[in-house]
Amino acid sequence: MLLTERLRLARERLAEIPAERFATERFQGFFGREALSLLRATEESGEARGRALCLMLPGNTEKEALLSVLSSVCSRAFSPQCDRALRVRCLELFLQCYGLFARDSAPGEIREAIYYDLFDYAEEDVRQRFSARAEGPFGLTVILPGELPWYADRYPEVAAAHAEDLSLFLDKALRDRLRPLIRETADETVREKCLAAILRYQRVSGNDTRYSVRQQGWLRELYAPDSK
C-alpha cells in the first residue's frame, strides 16, 4: 500500500515537470524529456517499457556530466525485469535530483544524493539483477554487483569520502552474501562472461583503478569457476 502511494505521488510530480520553465529551458530540456520517459515507464510493461528509454549523453560541464550519470542510474526503470520497488526508487531519485538542480545545488551535493541511493540498496540491486537472469551485453555497469562500484569508479572523490562503506560492501557483502547468491542464480556461461569482462577492465585500467588489490581479488572471485 505504501509503495502504491509513493508511486502515485511520484507520477503526479513527474507529470508537472514538463510544464515548468526550468525543465524546458535548462540543460537542453533534459528534465522535461526524462520526466515524460519515466512516466511512460510506469505505464508500459515488458519490451514496450524498454522502448520508452531516453538517455542523456555526457556534456561539457560538471553538472551535464552528472545528468548523464543520473540518466544511466534511472534507466533501470525501463528494464522489462524492473519491479515496482526499483521503479519507484528511480522516480524518487530523479525527483530529488531535479529539486537539487533547480535550487542550483553544488555538484558535490548531487553526487552524494546519488551515492546514498545506490549504497542503501546495493545488495538488493544485486539480488534483483541476478534473480531476473537478464541476458545482454556485459559492460562495467552490468558485471559489477549493482551500480555502486560503477559509480565509485566514476567518482573517485566520492569513493574516497566513503571508503569505509565501500570496503564493507566490497569485502564483506560480496564475499559472504553476494557470491553465494550469484552461484545460485547465474549459470556458468553467464559467470564466465562476467569474469572475462572484469579481467578486461582490470587489465586495461592497470594501476588506475579505484579498487584495492584485495578488493580486485574479491571481484574476480565472485565469478571464478567453482573449482578455484
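This is a predicted model: local features need pLDDT of at least 70, side-chain atom pairs count only at pLDDT 80 or more; totals for chains, interfaces and linings use all residues.
Analyst: Residues are numbered from 1 along each chain as its sequence is written, and side-chain values use heavy atoms, with hydrogens and water left out.

User: How many helices and strands are there?

Analyst: 14 helices and zero strands. Both are DSSP runs numbered from the N terminus: helices are H or I, at least four residues, and strands E, at least two.

User: What's in the largest nonpolar core?

Analyst: It has 59 residues, and L14, I17, F31, F94, I114 and Y151 have the most contacts inside it. Helix α6 (residues 84–102) gives the largest share, eleven residues. Such a core is a set of buried (under 20% relative accessible area, 1.4 Å probe, protein chains only) Ala, Val, Leu, Ile, Met, Phe, Trp, Tyr and Cys residues joined through side-chain atoms within 4.5 Å.

User: And what does I17 touch?

Analyst: Beyond neighbours within four places in sequence, I17 contacts (heavy atoms within 4.5 Å) A23, F31, G32, A35, F94, L95 and Y98.

User: New topic: where is Q28, and is it buried or exposed?

Analyst: Q28 is in the loop between α2 (21–25) and α3 (30–43), and it's exposed (over 50%) at 70% relative accessible area. Its phi is positive, about 55°, though it isn't a glycine.
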